[in-house]
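Let us walk through this protein one piece at a time. Keep the structure in view and follow each residue as it comes up.

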Amino acid sequence: MSEELSAATSYTEDDFYCLVCQEVLKTPARTVACQHVFCRKCFQTAMRESGIHCPLCCGNVTRRERACPKRALDLENIMRKFSGSCRCCAKQIKFYCMRHHYKSCKKYQDEYGVSSVIPNFQISQDSVGNRSETSSSRHSTFKCPLCQESNFTRQHLLDHCNSNHLFEIVPVTCPICVSLPWGDPSQITRNFVSYLNQRHQFDYGEFVNLQLDEETQYQTAVEESFQVYSEECRHLNLMCI
């Protein structure tokens with residue numbers, strides 16, 4: 001406990017802000033060589049533009065880091081425990097929750113030009129996916145947001161929309177996305193049928209662990225792909241010997 005406290009006191013509030021976007025860090029990633037910390041997405045965006053250099057000091061960044069930046073888990077843990085002031089309303093908020101606070105802070109939204117009016121979507125239980133237990137698995141049913149007919153499985157909803165609503169372009173919320181752990185009920189899909197055909201040709205539960213957050217799953221997928229790549233390279237090297 002004393003070691004943890006000592007580590008925490010070595011940080012200042014500035015350490016919890018991204019050096020690229022200047023906002024509180026989201027999924028902080030640290031470079032290996034120079035130890036600079038950025039939001040993971042900010043870092044990857046900067047890498048696409050700058051190539052192989054740290055966005056702050058132009059230090060070298062390896063190819064592995066560019067594809068799979070190392071998460072600063074120590075900093076994430078400290079951000080969960082320590083608070084700072086919202087830059088607009090001065091309310092004390094845990095750093096880890098600061099970005100979520102910005103979404104509801106009217107002063108912040110007014111200051112930075114973001115609308116303070118957040119749509120209040122009334123999502124019915126059918127819309128977000130009714131879950132029923134079977135002897136072997138859990139299945140979700142959904143309501144079609146275009147005609148309100150309900151009790152569709154993912155595949156049946158896809159077939160129904162392609163047969164009955166193919167040329168309807170109406171802004172709606174995707175019920176399948178909302179039913180996922182990372183779903184956002186305020187996200188509007190402009191062309192729902194096209195979106196279904198692009199994003200929901202399969203059941204997510206067959207390929208991902210729905211108990212994990214999206215960031216963790218992304219990190220796991222990238223790490224697993226590197227392991228497969230490394231194994232293939234090792235196999236090719238053995239064949240060439």
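Start with leucine 158. Its relative accessible area is 3%, so leucine 158 is buried. Buried means under 20% relative accessible area, exposed means over 50%, and partly exposed lies in between, using a 1.4 Å probe and protein chains only. Leucine 158 belongs to helix H8, residues 154–164. Helices (H or I, at least four residues) and strands (E, at least two) are DSSP runs numbered from the N terminus. Leaving out residues up to four places away in sequence, leucine 158 touches Leu196, Asn197, His200 and Gln201. Contact here means heavy atoms within 4.5 Å. Valine 193 is 35 residues from leucine 158 along the chain, yet their C-alpha atoms are separated by 7.7 Å.

A word on the source. This is a predicted model, in which local features need pLDDT of at least 70 and side-chain atom pairs count only at pLDDT 80 or more, while totals for chains, interfaces and linings use all residues. Residues are numbered from 1 along each chain as its sequence is written, and side-chain values use heavy atoms, with hydrogens and water left out.

Now step back to the whole protein. It has eleven helices and six strands. Of its 241 residues, 33% are buried. Take the contacts between residues at least 6 apart in sequence: 42% of them join residues at least 24 apart.

Next, look at the inside. A nonpolar core is a set of buried Ala, Val, Leu, Ile, Met, Phe, Trp, Tyr and Cys residues joined through side-chain atoms within 4.5 Å. The largest one has 24 residues, and Leu25, Leu75, Met79, Met98 and Tyr102 touch the most other members. Strand E2 (37–39), helix H2 (40–50), helix H4 (73–81) and H5 each give two or more residues to this core. A second, separate core holds 15 residues, including Phe152, Leu157, Cys177 and Tyr195.

Turn to the aromatic rings. Rings of Phe, Tyr and Trp (its six-membered ring) pair if their centres lie within 6.5 Å; planes under 30 degrees apart count as stacked, over 60 as edge-to-face and the rest as tilted. By this rule there are three aromatic pairs. In one of them, the rings of phenylalanine 16 and phenylalanine 95 have centres 4.4 Å apart and planes at 35°, so the pair is tilted. Phenylalanine 16 lies in the loop between helix H1 (2–9) and E1, and phenylalanine 95 in the loop between strand E4 (92–94) and helix H5 (98–102), so the pair ties together parts 79 residues apart in sequence. Phenylalanine 16 is buried at 5% relative accessibility. Phenylalanine 95 is buried too, at 3%.

Move on to tyrosine 96, in the loop between E4 and H5. The charged end of arginine 80 sits over the ring of tyrosine 96, 3.9 Å from its centre. A charge sits over a ring if NZ of Lys or CZ of Arg is within 6 Å of the ring centre and within 35 degrees of the ring normal.

Now find arginine 30, in strand E1 (residues 28–30). Arginine 30 is buried, with a relative accessible area of 18%. Its side chain makes a polar contact with the side chain of aspartate 74, at 3.2 Å.

Finish with backbone angles. Most residues other than glycine have a negative phi. Alanine 90 is not a glycine, but its phi is positive, about 65°. Alanine 90 sits in the loop between strand E3 (83–85) and E4, and counts as exposed at 51% relative accessibility. Asparagine 151 also has a positive phi, near 65°. Its place is the loop between strand E6 (138–141) and H8.

Terms used: A polar contact is a pair of N or O atoms within 3.5 Å; within protein, one must be able to donate a hydrogen and the other to accept it, and residues adjacent in sequence count only if both atoms are side-chain atoms.
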